[in-house]
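The sequence and coordinates come first.

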Amino acid sequence: MSTEIKLCMGSACFARGNDKNIEIIENFIKENNLDAKIELYGSRCEGKCADGPNLYIDGKQYTNITPDKIEELLKGLL
C-alpha cells in the first residue's frame with residue numbers, strides 16, 4: 001500500500017514555498033528509498049490559497065507548510 005502526497009502547485013502555493021517543498025519531498029523519497037511506497041504529484045489550484053502552501057497526505061490537508069513541517073510529516077511516514 002502506498003502513501004499519496006499531493007502538493008498544490010497553483011501560483012499562490014507555488015510562490016509561497018511549494019516550489020521548494022517539492023524538492024524537499026523528492027530528496028526525502030530518494031534518500032530513504034521510498035519510490036515504491038510514496039506516490040508524489042502536484043495539482044492545480046485547490047482554491048484554498050489563503051491557507052497555502054497546501055499539501056495533502058492520503059487526502060488529509062496540511063496548511064501553511066514550511067520545510068520544517070514537511071520534515072516532521074515525512075519522518076512520520078517511516
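The sections below cover the basis of the values, then salt bridges, surface charge, cysteines, backbone and distances.

## Basis of the values

The model is predicted, so local features need pLDDT of at least 70 and side-chain atom pairs count only at pLDDT 80 or more, while totals for chains, interfaces and linings use all residues. Residues are numbered from 1 along each chain as its sequence is written, and side-chain values use heavy atoms, with hydrogens and water left out.

Helices (H or I, at least four residues) and strands (E, at least two) are DSSP runs, numbered from the N terminus. Accessible areas come from the Shrake-Rupley method with a 1.4 Å probe, and for residues only the protein chains shown count as cover. A residue is buried under 20% relative accessible area, exposed over 50%, and partly exposed in between (1.4 Å probe, protein chains only).

## Salt bridges

Side chains of opposite charge can pair when their charged atoms come close. A salt bridge here is a side-chain nitrogen of Lys or Arg within 4 Å of a carboxyl oxygen of Asp or Glu. Searching the whole structure gives 2 salt bridges.

One of them joins the side chains of E46 and K6, at 3.4 Å from N to O. E46 sits in the loop between β2 and β3 and K6 in strand β1 (residues 3–8), so the pair ties together parts that are 40 residues apart in sequence. E46 is partly exposed because its relative accessible area is 28%. Another salt bridge links K20 and D19, at 3.5 Å from N to O. K20 is exposed, at 51% relative accessibility, whereas D19 is partly exposed, at 22%.

## Negative surface patch

Which residues form the negative surface patch? They are E31, D68, E71 and E72. Patches are made of residues with over 30% relative accessible area and no salt bridge; like charges are joined within 9 Å, and nonpolar side chains (Val, Leu, Ile, Met, Phe, Trp, Tyr) within 5 Å. Lys and Arg count as positive and Asp and Glu as negative, with His and the chain ends not counted. The place of a charge is taken as NZ of Lys, CZ of Arg, CG of Asp or CD of Glu.

Helix α2 (residues 67–75) supplies the largest share of the negative patch, 3 residues. E71 is in helix α2 and counts as partly exposed, since its relative accessibility is 33%. I70 lies in helix α2 too, but I70 is buried, with a relative accessible area of 1%.

C13 is in no disulfide, and the nearest cysteine sulfur, that of C8, is 3.8 Å away. C13 is buried, at 2% relative accessibility.

C45 counts as partly exposed, with 45% relative accessibility.

## Backbone geometry

Most residues other than glycine have a negative phi, and most peptide bonds are trans. From G52 to P53 the peptide bond is cis, with omega near 5 degrees. P53 is in the loop between β2 (38–43) and β3 (55–57).

N33, a residue other than glycine, has a positive phi, near 50 degrees. N33 lies in the loop between α1 (11–31) and β2 and is exposed, with a relative accessible area of 67%. Phi of N64 is also positive, near 50 degrees. N64 is found in the loop between β4 (60–62) and α2, and its 38% relative accessibility makes N64 partly exposed.

## Sequence and space

G10 is in the loop between β1 and α1 and counts as buried, at 10% relative accessibility. G10 and S43 are 33 residues apart in sequence, and their C-alpha atoms are 7.4 Å apart. I70 and I22 are 48 residues apart along the chain, with 9.6 Å between their C-alpha atoms.

How far apart in space are R44 and E72? Their C-alpha atoms are 24 Å apart, at a sequence separation of 28 residues. R44 is in the loop between β2 and β3 and is exposed, at 76% relative accessibility.

Methods:
A disulfide is a pair of cysteine sulfur atoms within 2.5 Å.
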